[in-house]
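Take a walk through this chain, from its overall make-up to a few local details. Keep the coordinates open as you read.

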Amino acid sequence: MKTSISATNWHLKPFSIWLFGASLALILLFFSFSSVLAQEPEGVRYVVRFGDTLSSIALRFDVSVNEIIQASDLSDPDNLAVGDVLIIPGIDWIDGTLVIEDLPLGESYLSIQRRYLLDDVSMVRLNRLTSPEQLYVGFPIMLATERGELADSARVAVGAGTSLLELAVASGDNPWALAAVNQLPGTWATVPGDVLFTPGTVAAGPGGIPSSVTSVSIEDPGFVQGKTLVINAITDGVVQLGGEFFGHELKFFPEGSGLVALAGIPLEAESGTFNFTLSGANPDGSAFEFSQPVRVASGGYDRETLTVDLQFLNPEQSAAETIEVNKLIVEATPTKLWSGYWGAPHPYIGVINSEYGVHRSYNRGVYESYHYGTDFGGGVGIEIWAPAPGKVVFAGALLLRGNATIIDHGWGVYTGYFHQSEILVAVGDRVETGQVIGLVGGTGRVSGAHLHWEVWVNGVAVEPMDWLARIYP
Ligand SMILES: [Zn+2]
């Protein structure tokens, strides 16, 4: 069957709802006749993806393994290769070739629907969707490709006060065709900020965001609890780009030919789904905002029980000190002061007393706090080195953190050095990689002398050792 419901619909949708309903009835009538007349349906094509097995595919489409083997005429069913094309029998409600792809950042239910000409029924049925929240970044979405019309198209944003007619004139399209390919019930049904597809050229890039954002991507390992998130974007023309994640505003900075934002995934974001928002302004001044759920994977951190002096277990004191520290690390200085790899903050970086991310209980209480830094062992008086160039924004004594130094490295990246026996820098000092900034000690809330080293990214304490293992951005 070559005529799909959705492909037929988009010719009819420009007309009134009444006509749409009447047409649908006709189509259904046609299909009930054609299914009687048609030969046994040959099924749809499905492209094998990494991790697929014949039984997992059979389960997904609710057919038997043998039916797939027969319909696909498989001579060697035990050797299924990625990219092999199978015939799934008995599926006559969608045509084209079915592939599963990991949903990229910047795509939404609507953008996928429009890009691949999928009606609601097909979208839901192909992907067993129960809620749009399921379409998180990386969701294995099934798409019907090779269906023609919208495989080649361009993205166009609906600006404030712009009608579909004006858009159509600007892009050289027929407004009815524009409404049809975008599955709009009429030419009036656009809202400012909506991103439509126009037939004609290739629609590369994120479909849920205006074409002034050419691409947006997340570097590995992506959304993992406690990790530093690197977001790369390429924009076309003067575009102000920003966003929000876990209550923190994303700040983009120019780097090379694109923009980069660094964000910390909080330890408190234990595995779960959270909203990731990108927003900005197009070259014409119109604003856009795009939100997509993302799934944060667990960092797999350990648990530990510590015994400390009761005088230090005052939650109010602890909270007050954290608020003071957080005030110091929130500003994103636009100049990035480091380049390349960072150096070690301590001579014995292999001697770690306590790792970042450990979920802690004090004096056998509940697991209510996390360890936000890495503890390096060694005795009082061992040198502490600046791992990267920066500017000292705090140098002084704190009740819990002891003698503390905080360095601003630019772009919202800060490092902290706690429990020192001696501080060797002052606020306002510019420090260089390898410079001795203090000495290890046992001041503040500690059970022994060590250096607690913390790295903040966009106001969030992240896994510090990552900053020694790779180059950011
Ligand atoms: Zn520590």
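What follows moves from the whole chain to its sheets, its cores and its backbone geometry.

This is a predicted model. The chain holds 10 helices and 27 strands. Of its 473 residues, 35% are buried. Take the contacts in the chain with a separation of 6 or more: 70% of them join residues 24 or more positions apart.

Begin with an open sheet of four strands. Its order is β2-β1-β3-β4, and the pairing is mixed. Which strands stand at the edges? They are β2, residues 85-88, and β4, residues 140-145. Each has a single partner strand, so one side of each is left without a neighbour in the sheet. On average, neighbouring strands here are turned by 35 degrees against each other, direction ignored. Strands of a sheet pair through backbone hydrogen bonds, either parallel or antiparallel. Strand β1 (residues 44-47) and strand β3 (residues 97-102) take the parallel sense, over two bridges. Within that pair, Tyr-46 stands opposite Leu-98 in β3.

Now look at the loop between α4 (65-72) and β2, where Val-82 has its place. Is Val-82 buried or exposed? Val-82 has 10 other C-beta atoms within 10 Å, so it is exposed. The cut-off for an exposed residue is 12 or fewer. Val-82 still has partners from elsewhere in the sequence. Leaving aside neighbours within four places, Val-82 is in contact with Val-48, Arg-49 and Phe-50. Phe-50 is 32 residues away along the chain, yet its C-alpha atom is separated from that of Val-82 by 5.6 Å.

Helix α6 comes next. It spans residues 120-127, and its buried residues are Ser-122, Met-123, Leu-126 and Asn-127. Why do these residues line one face of the helix? Seen down the axis of α6, they fall within an arc of 100 degrees, so they share one face. The face turned away from the buried side carries the exposed residues Asp-120 and Val-121. Just after α6, Arg-128 takes a positive phi of about 45 degrees.

Another open sheet has three strands. They run in the order β14-β16-β17, with mixed pairing. The edge strands are β14 (303-306) and β17 (369-370), and each pairs on one side only. Four bridges join β14 to β16, residues 359-362, and these two strands run parallel.

Turn to the interior. In soluble globular proteins, nonpolar side chains tend to be buried together. The largest nonpolar core in this model has 68 residues. Which of its residues touch the most other members? They are Ala-263 and Val-457. Strand β26 (residues 451-457) gives the most to this core, with five residues. The core draws at least three residues from each of domain 2 (213-296) and domain 3 (303-469). Val-457 shows how such links are made. Leaving aside neighbours within four places in sequence, Val-457 is in contact with Thr-228, Leu-262, Ala-263, Gly-264, Gly-412, Val-413 and Val-462. A second, separate core has 22 residues. Among them are Leu-98, Ile-100, Phe-139 and Ala-144.

The last stop is the backbone. Most residues other than glycine have a negative phi, and most peptide bonds are trans. Several sites here depart from that pattern. His-419, in strand β22 (residues 413-420), has a phi near 70 degrees, a positive value. With 25 C-beta neighbours inside 10 Å, His-419 counts as buried. Asn-458 lies in the loop between β26 and β27 (460-462). Its phi is near 55 degrees, again positive. Asn-458 has 24 C-beta neighbours inside 10 Å, so it also counts as buried. The cut-off for a buried residue is 20 or more.

Where are the cis peptide bonds? One runs from Asp-220 to Pro-221, with omega near 5 degrees. Pro-221 lies in the loop between β7 (213-218) and β8 (228-235). Another joins Tyr-472 and Pro-473, with omega about 0 degrees. Pro-473 lies in the segment after α10 (466-469).

Key: Residues numbered from 1 in each chain as written. Predicted model: local features only at pLDDT ≥ 70, side-chain atom pairs only at ≥ 80, totals over all residues. Contact = placed C-beta atoms within 7 Å. Arc of directions from axis to C-beta. Pairing = 2+ DSSP bridges. Axes fitted to C-alpha atoms, helices over the stretch in contact; angles between N-to-C directions. Core = buried A, V, L, I, M, F, W, Y, C linked by C-beta atoms within 7 Å. Domains from an automatic or database assignment.
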